[in-house]
Amino acid sequence: MAVSEETAWTSGAELARRIRGGALSPVELMTSTIERIKRRNPSLNAFVHLDFEQAMERARAAEAALKPGADLGRLHGVPIGMKDLFDFKPGWPATFGGIPALRDQVIDAYCTYSERMEGAGAILVGKTNAPVMGLRGITDNYLFGPTHNPFDLTRNPGGSSGGSAAAVADGLVPISEGTDGGGSIRIPAAWCNVYGYKASYGRVPFTGRPNAFASDTPFLFEGTLSRTVEDAALALQVMAGPDSRDPFSLLETPDFVAALARPINGWRIAYSPDFDVFPVESSVAGAVAEAVRGFTEAGATVHETKVGIKRSQRELSDVWTRLIMPLNVAGLEGLKAGGVDLMRDHPEDLPPEYRRWIEIGYGLSAMDIWNDQVIRTEIYDAIEGVLQKHDLLVTPTLACMPVKNAADGNTLGPTHINGEEVDPLIGWCLTYFTNFSGHPSASIPAGLVGGLPVGMQIIGRRGADVDVLAASAAFERVRPWTDAYRLIEKRQLG
């Protein structure tokens, strides 16, 4: 059997174990990874920048380091991907989500993900597709076009970390980066049948500059997409830990990998089929209602619950978009200071929906932001109220099935679900509430409907990442999802 066939669906943790044990060559693994990406990525459009030369150089160095007694990182020699948004590695392009005017922009800095994952021995092979400035739950843009869902190439994988989710689901790499300001890890995880983990706020340090406080309105996160819970826990072990550059970074680092063996017998799990206010397609609702029984099979008790949210989802999605506007306006102003005025000189590079919100953002007052923070507080209080009586809160991740890709570089989500209007950027995503609140949350595969994936969201108490990971691992043991990948192994490659 060829190495590529052996390793394409192997977890990153297992690949690292084989490399450390001498059973797998980093060079052979990287060679097979590159061959698979060359063969399968053109039909997927998951990776939009590839650096095979550097990847092979690092693989050869990883192989040379395999000596008795060598101090090897947790992910030594494992190929991984990273996202092309606000995610940096020196020498690599940063198009901020496929903005044509930024096609040649290079930012010679590291983000936390690239810095710490490379420090653990992982090897970055390239950057994955994302939407303009990450401001939608879809992956499409005018520079690279849409990423295709490996379960149905006519459909979108979700976003904004859709390129990473598609690459992991298709067996191109075992782990790839996701960032999450409103659900951008969990949304594509749901539509690609992978595991997406967003840690507690402060668990993974935010090292961006010039504003060290930019990650709190709403809460922003770096995380991962993977095919196994173990890989998510291992990556979190690598990325977590204090950093003096982040005033919010948590000082303690629990053993996330050890938490995977914890039983959940006797746990009380609250289940909300719609987070009180979202219209949810019947296919999604049915799949998640059946999947939540997996926690009962693992020994927990599940109680259907009202969360206590009073405002409409339409009002709340607008709150989220307004809250993230200062960050976007500041980004545009920073580019302008560097000589690139996108709104004036390249408006056609930005989707009309994005331009509309930027104009709103420039007009926001201090009281507008204050009032939206008050509404955000209501969501925080509601979630906290549930988690004071339960160990976890479970909901659908999304309200709908994967949408069809558009042909104009501007794919959107649905505008109506069950006859109710939703914001096509993020209003169909039950994810952004924990970007208001900062609670750890994950999307875990809940099954397939008509051959397309559905995700289930798991939310834990503040700081209790070990609980979310333990429950996820328990669910994975009773409801494994790896068989679904067989459906896409023989997908069309033309």
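Is R461 buried, exposed or partly exposed? R461 counts as partly exposed, because its relative accessibility is 32%. The cut-offs are these: buried is under 20% relative accessible area, exposed is over 50%, and partly exposed lies in between, with a 1.4 Å probe and protein chains only.

Before I go on, a word on the model. It is predicted: local features need pLDDT of at least 70, side-chain atom pairs count only at pLDDT 80 or more, and totals for chains, interfaces and linings use all residues. Residues are numbered from 1 along each chain as its sequence is written, and side-chain values use heavy atoms, with hydrogens and water left out.

Overall layout next. The protein chain has 17 helices and 13 strands. These are DSSP runs, numbered from the N terminus: helices are H or I with at least four residues, strands are E with at least two. The radius of gyration is 21 Å, close to the 23 Å from the globule rule for 494 residues, so the chain is as compact as a globular protein of that length. That radius is taken over C-alpha atoms, and the rule is 2.2 Å times the number of residues to the power 0.38. Along the principal axes, the C-alpha atoms fill a box of roughly 60 × 60 × 45 Å.

Of the 494 residues, 62% are buried. Contact here means heavy atoms within 4.5 Å. Among contacts with a separation of 6 or more, 77% are between residues 24 or more positions apart. The chain exposes about 17,500 Å², and carbon and sulfur atoms supply 52% of that. Accessible areas come from the Shrake-Rupley method with a 1.4 Å probe; for residues, only the protein chains shown count as cover.

The largest nonpolar core has 149 residues. M117, Y195, F275, F295, F433 and M456 touch the most other members. Helix α11, residues 313–337, gives the most to this core, with 9 residues. By definition, a nonpolar core is a set of buried Ala, Val, Leu, Ile, Met, Phe, Trp, Tyr and Cys residues joined through side-chain atoms within 4.5 Å. Take M456. Leaving out residues up to four places away in sequence, M456 touches V288, A291, V292, F295, V394, T395, T397, A442, S443, I444, A446 and F475.

Which helix is largely enclosed by the rest of the structure? Helix α8, residues 229–239, because 10 of its 11 residues are buried. Those buried residues include V229, D231, Q237 and M239. They pack against α2 (12–20), α5 (112–119), β4, β5, β6 and α16. After α8 comes G241, with a positive phi near 120°.

A loop residue is worth a look too. S215 sits between β5 (195–198) and β6 (221–226). S215 counts as buried because its relative accessible area is 1%. Its contacts are Y201, F206 and L220, not counting residues up to four places away in sequence.

On to charges. A salt bridge is a side-chain nitrogen of Lys or Arg within 4 Å of a carboxyl oxygen of Asp or Glu. By this rule there are 32 salt bridges. In one, D170 pairs with R40, and the closest N and O atoms are 2.9 Å apart. D170 is in the loop between α6 (162–169) and β4 (175–180), and R40 is in helix α3 (residues 26–44), so the pair ties together parts 130 residues apart in sequence. D170 is buried, at 0% relative accessibility. R40 is buried as well, at 2%.

Another joins R186 and D180, at 2.9 Å from N to O. R186 is buried at 0% relative accessibility. D180 is buried at 2%.

Back to R461. Its side chain meets that of D391 in a salt bridge, 3.8 Å from N to O. This pair links distant parts of the chain, 70 residues apart. R461 is in the loop between β13 (452–460) and α16 (465–478), and D391 is in the loop between α14 and β9 (392–396). D391 counts as buried, at 18% relative accessibility.

Last, the surface. M367, W370 and V374 make a nonpolar patch of about 340 Å². Patches are made of residues with over 30% relative accessible area and no salt bridge; like charges are joined within 9 Å, and nonpolar side chains (Val, Leu, Ile, Met, Phe, Trp, Tyr) within 5 Å. W370 lies in helix α14, residues 366–387. W370 is exposed, at 57% relative accessibility.
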